[in-house]
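Hello,

Here is the structure I promised to pass on. Please open it and keep it beside you as you read my notes below.

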Amino acid sequence: AIGNKGTFDVTKKDILLSRGIQPGAGISESTLRQSIADAFGQRAADRLLDRVIVPLADQSQLPAHVVPFVRRGDTVYGFYDPKTGKTYAVLSNLTPEMVKGLVLHEVGIHAGFEGMLGKERYAAVLKRLDLMAKAGNKAVQEARRQAEKESASPSQVPEETLAYLVSSNPEMGFVREIIAAVKAFLFREFGILGKYLTADDMVALARASVQRAGVVTGEPLFT
C-alpha cells in the first residue's frame with residue numbers, strides 16, 4: 001500500500017494494488033540497485049537482483065499473462081508472479097524512497113512464512129500455536145481471534161495469526177524465535193544482515209506472508 005508521501009505503509013495489509021494513484025518520478029535500474037544497497041547492503045542488492053527481482057522499464061513491459069489482471073488506470077509498482085517465481089519492479093512508477101518497502105513486501109510474498117521458516121519448522125510453529133491457545137495464552141488467543149476476523153480465507157488464518165503476534169507482541173519469547181529464524185533466512189538467502197531490519201520491517205514481511213497464503217494459483221500479487 002502507498003501512503004500519501006509515496007512510501008509504502010506497512011500497516012495497510014489489505015491492499016494488494018494501489019489504484020488511481022500517481023506514479024513516482026521514476027528511477028533507473030542503477031538507482032534501483034543503489035537504493036537496495038542503501039537499505040540492505042551491496043551483497044543483498046546483488047543477490048536480490050540476481051535471484052528474485054526483475055526490473056521493468058515501464059508498464060508496457062508487463063508479461064502478457066499479467067496484463068489481464070491490470071485494470072485501466074492502475075499504477076503498478078511491483079508484483080510477484082507465481083508463474084515465474086519472480087518479483088517485478090516497474091521502474092517508471094517508483095521513487096528511491098519506495099524501494100525498501102517494495103523489496104520487503106515482495107520478499108515476504110515470494111517466500112511466505114513457510115518458506116522463511118522451512119516446512120518442518122513452520123508445521124511445528126503452528127502446532128505450538130494451537131497448544132498455547134488451548135493452554136489459555138491470552139496473546140495467542142487474541143491473535144487468533146483477530147486473524148479469523150481479518151483473514152480473507154481460512155488458509156490465511158495461520159499466517160495472519162503469526163503476523164498479528166509479530167506486530168503486537170515482538171518481545172514475546174515465542175515470537176522472538178520466529179523473528180530470529182526469519183532474519184537467519186534473509187541472511188542465508190539474500191545476504192540481508194539483521195542490523196538493517198527494524199521492527200516495522202518485520203511486520204511488513206509478516207503482512208506480505210499473509211498475502212502469499214491467499215494466492216490464487218497463477219494470479220500475480222501486486223504491490
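**The sheet and its neighbours**

Val54 has Tyr88 of β3 as its bridge partner. Keep in mind that this is a predicted model. Strands of a sheet pair through backbone hydrogen bonds, either parallel or antiparallel. Here, β1 and β3 (residues 86-90) pair in the parallel sense, over four bridges.

Now zoom out. Four strands form an open sheet in the order β1-β3-β2-β4, and the pairing is mixed. β1 (53-56) and β4 (221-222) stand at the edges with a single partner strand each, so one side of each has no neighbour in the sheet.

**Aromatic pairs**

There are two aromatic pairs. Phe79 and Tyr88 are stacked, with 4.9 Å centre to centre and 15° between the planes. Are these two residues buried or exposed? Phe79 is buried, at a relative accessible area of 0%. Tyr88 is buried as well, at 9%. Phe185 and Phe190 make an edge-to-face pair: 5.9 Å centre to centre, 85° between the planes. Both of these Phe residues are buried too.

**Helix α7**

How far apart are the end C-alpha atoms of α7? The helix has 18 residues (173-190), and at 1.5 Å a residue it should span 26 Å. Its end C-alpha atoms are 26 Å apart, which agrees. The buried residues of α7 include Phe174, Ile178, Val182, Phe185 and Phe190. Seen down the axis, the buried residues of α7 fall within an arc of 160°, so they line one face of the helix. Gly191 follows α7 and has a positive phi, near 75°.

Best wishes

Methods: Residues are numbered from 1 along each chain as its sequence is written. This is a predicted model: local features need pLDDT of at least 70, side-chain atom pairs count only at pLDDT 80 or more; totals for chains, interfaces and linings use all residues. Side-chain values use heavy atoms; hydrogens and water are left out. Helices (H or I, at least four residues) and strands (E, at least two) are DSSP runs, numbered from the N terminus. The expected span of a helix is 1.5 Å times one less than its number of residues. Buried means under 20% relative accessible area, exposed over 50%, partly exposed in between (1.4 Å probe, protein chains only). The arc is that of the directions from the helix axis to the C-beta atoms. Two strands pair if DSSP finds at least two bridges between them. Rings of Phe, Tyr and Trp (its six-membered ring) pair if their centres lie within 6.5 Å; planes under 30 degrees apart count as stacked, over 60 as edge-to-face and the rest as tilted.
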